[in-house]
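Work through the exercises below with the model open. Try each task before you read its solution.

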Amino acid sequence: MAGKRMLVIDDEVEIGNFIKVVGERSGYDVSVVTDFAAFREALAAGEPALIVSDLMMPQTDGIELLKFLAKSECRAPILIVSGVDTRLRNTALRFGKANGLRMLGTLEKPLRVNDILAVLAALEAEGPSLDENGLRAAIDNHNLVLHYQPKIELASGRVVGAEALVRWPIPSGGLFAPMEFIPLAEKTKLIRPLTDSVLRQAIRACAEWSRAGHQLSAAINLSPAILDDPDLPDEIARLAAAEGLPSGRLLLEVTESGAMADPVRVMEILARLRLKGFDLAIDDFGTGFSSLVALARMPFSEIKIDKSFVLEMRESKEAEVIVRSVVDLGRNLGMKAVAEGVEDAAVLARLAELGCDYAQGYLIGRPMPREQFLDWLGSYRPESLASSA
Ligand code: C2E
Ligand code: MG
Ligand code: MG
């Protein structure tokens with residue numbers, strides 16, 4: 001488990017060491033520094049989970065330190081410990097907040113063990129924070145989980161696969177949705193370790209379905225941010241081989257906007273993935289304004305019609321025309337068409353009439369945790385869908 005780092009700056013060595021003892025007892029990996037230069041150096045090694053700062057130090061005062069942290073866009077929570085009077089401590093607190101820092105509060109010296117423990121407990125109770133540190137810890141500690149949403153073949157009603165959708169559960173019982181943390185992962189380079197974790201879990205789950213007698217494919221979403229990594233195709237092939245999974249059982253999804261933003265760069269990786277036998281889907285199709293020429297040149301095996309059109313098919317003639325056109329386009333380009341966002345039995349029936357190949361949506365099954373998905377597979381009957389139509 002990656003240790004939570006605490007960085008303490010105090011020119012009084014005994015105080016630094018006192019906080020270190022208390023922090024370590026609460027599971028922190030504590031670094032204590034006595035001057036600003038060492039503080040900057042420690043911070044450059046990575047943002048800690050908590051910063052504890054004195055206010056009065058010989059070379060740098062606490063306000064200068066807070067200014068520096070604000071300028072470096074520090075997101076770590078900050079606790080002030082100082083012997084100055086309450087009013088001055090509160091001024092420093094307000095200054096930090098006004099500069100966008102995450103100020104936890106202040107403690108008066110001499111410090112008491114229980115006061116420090118109370119601050120650490122309150123921080124813990126907040127649960128993980130939706131920031132780079134929180135996400136890195138969630139990935140390192142294997143806290144991210146996948147939910148699986150079934151995909152059926154429209155002609156037969158049979159389940160052909162499931163899409164893996166990542167979730168970040170939090171101690172309160174809730175979870176962060178991918179739309180909340182995937183953009184953060186893309187911005188901070190955490191997207192590659194996140195994707196590795198998703199790939200490992202999804203491949204393991206797919207092998208488990210096989211052992212339970214269900215020959216399904218697993219669909220995994222790939223962020224365009226990792227599509228310039230030349231090692232990616234080999235890495236996925238290695239992970240699949242390690243579980244004895246044939247590459248044809250994995251379907252990799254790339255959003256239309258991601259694939260078309262830089263088609264030349266993305267083409268190389270996509271072509272190599274296909275050559276290794278993986279299937280490829282263009283996700284959220286219809287939202288990215290791609291040209292038909294670009295689509296025809298990309299090696300996709302499936303087109304996923306964006307759920308915004310599928311959800312509106314009943315009310316909007318225009319949405320239906322778009323769905324029908326994409327199904328035809330897919331057929332003419334030799335790609336299977338998948339409708340996502342099927343919530344309604346009449347829409348399911350209409351999609352079958354239009355010749356759409358596959359469907360996914362709440363009507364068929366919501367994204368479910370691993371064990372629940374296996375139970376669902378065991379109890380699924382295609383007739384139940386037909387009778388609801
Ligand atoms: P997506 O790949 O297009 O996934 C479909 C989204 O639609 C999922 O949202 C799913 O829960 C939702 N959905 C499925 N059926 C229905 C329905 O009938 N009605 C409605 N209203 N919604 C439905 P979710 O799980 O919140 O994921 C959102 C997006 O986050 C995904 O869109 C995908 O782009 C991204 N994502 C999810 N997991 C990963 C991942 O492991 N890696 C990457 N890079 N992106 C991911
Ligand atoms: Mg998808
Ligand atoms: Mg989609």
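**Exercise 1.** State how the donor residues of the magnesium ion (ligand 3) are spaced in sequence.

*Solution.* The spacing reads D-D-x55-E. Now put numbers on the letters: D283 (OD), D284 (OD), E340 (OE) and E340 (OE) coordinate this ion, at 2.0 to 2.4 Å. A donor here is an N, O or S atom within 2.8 Å of the metal (3.2 Å for Na, K and Ca); water is not among the atoms, so sites may look incomplete.

The model is predicted: local features need pLDDT of at least 70, side-chain atom pairs count only at pLDDT 80 or more, and totals for chains, interfaces and linings use all residues. Residues are numbered from 1 along each chain as written, chains are lettered from A and ligands numbered from 1 in written order, and side-chain values use heavy atoms, without hydrogens and water.

**Exercise 2.** Find which residue coordinates both the magnesium ion (ligand 3) and the magnesium ion (ligand 2).

*Solution.* The two ions are 4.3 Å apart. D283 coordinates both.

**Exercise 3.** Classify D283 and D284 as buried, partly exposed or exposed.

*Solution.* Apply the cut-offs: buried is under 20% relative accessible area, exposed over 50%, partly exposed in between (1.4 Å probe, protein chains only). D283 has 5%, so D283 is buried. D284 has 22%, so D284 is partly exposed.

**Exercise 4.** Locate the second largest pocket relative to domain 1 (4–126) and domain 2 (133–385).

*Solution.* Domain bounds come from an automatic or database domain assignment. Both domains give residues to the lining, so the pocket lies between them.
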